[in-house]
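I opened the model to look up a few strands and helices. My notes follow.

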Amino acid sequence: VVHFDATGSVVRKPYNIYCKRIMYYALVMKKGESIISIAEMITSEHDILSISILLKRKWPFFKVVVVDWSWALINSLMNEWNRCNIREYLERIYSSLDKGTPIEDTLLIVHTCCAHFMKRVSSYIQKKFPKCIEIKTFLLECVAIMLMSTQFILLDEIFEEFITILLKPEEEKSQINIIRLNQLRIKAGISDRTDFEENREDEEEEEEEKKEDENQDFEYENVFINKKNEGRIFNASPFFRRYNYKYVHLKERIQESDNITNKYYNPEIAEYITYKLMPFVPMWSSILLSQIVPNVARLSNAYVESYFNVVKKDILQGQVNLKIGRFI
């Protein structure tokens, strides 16, 4: 397992280069008690073309690469190391999971940092669904249960119970689904508190990187609004087709009512889970990890963040915005 990320606060932007800032990339791995840097790069652009330059070599000695939810990083890894696009990658993963066969040996697994993913979901709920703040903890716990599920079939069951809770207007009828969801959590061996809080430094810097990456985010907002657009990655994902079928089927079975007593009732959140998260579920959940790294239910980018921390505090002694030559 290797970890890939970037930071933008250590190198000063040259006066004669038009860019927002200089990015410092690092690919690291954990070996024993040490964090080893495999490759590093400085670039003025956070895009597929620039990142691909670092990835031109073939790295045969690892199976999983962990990244933050950056489409620039994800697309670069797919193009250079898997020699396929996101759609093809999802199709190949789905084929293996659906048939119950091992993942291809030549396929690099691209996995997103669990802490970053949960923070992204939390921020989205807070921003787009402000009325759901009171049930935000419950929603995040349910997403975390899906994230930590290592079995594909079990994930299906958890998704169905979660969505049913969000779609049933009456509290009395939703209680059985809450009980079943808790039983599935126990069956999956997941604790009743899934704590994803991590020490994430440079919060302002992370927000800036997220804003930059939104331009390459497959236009999620437009996709969510126009679900009939067949040209999107969104609809092309076999995981979307699988979970959209389940979602539609559940919605048809549940009787609508004007008497809304279920405090978790929220069809919009159900759509968000189905249309925005589930199409990419193998990239953020643990359904592939049991085949690659047994006994591991989640992966984070804490190691590469720790490496950046060592560079900034121990090597550079707290100095920032250095000239490129001096930093090197």
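In what sense do β4 and strand β5 (residues 109-112) pair, and over how many bridges? I found that β4 and β5 pair in the parallel sense over four bridges. Pairing here requires at least two DSSP bridges between two strands. Helices (H or I, at least four residues) and strands (E, at least two) are DSSP runs, numbered from the N terminus.

This is a predicted model: local features need pLDDT of at least 70, side-chain atom pairs count only at pLDDT 80 or more, and totals for chains, interfaces and linings use all residues. Residues are numbered from 1 along each chain as its sequence is written, and side-chain values use heavy atoms, with hydrogens and water left out.

I stayed on β4. Val-65 stands opposite Val-110 in β5. Strand β1 (residues 2-7) also pairs with β4 in the parallel sense, over two bridges. There, His-3 stands opposite Val-66 in β4.

Next I checked side chains on strand β4 (residues 64-67). Val-64 and Val-66 point one way, Val-65 and Val-67 the other, and all are buried (under 20% relative accessible area, with exposed over 50% and partly exposed in between; 1.4 Å probe, protein chains only).

Then I turned to helix α11 (residues 238-253). Its 16 residues should span 22 Å at 1.5 Å a residue, and its end C-alpha atoms are 23 Å apart, which agrees. The expected span is 1.5 Å times one less than the number of residues. Buried residues of α11 include Phe-239, Phe-240, Tyr-243 and Tyr-247. Among the elements covering the buried residues of α11 are α3 (86-99) and α6 (152-167).

Technical notes: Contact means heavy atoms within 4.5 Å.
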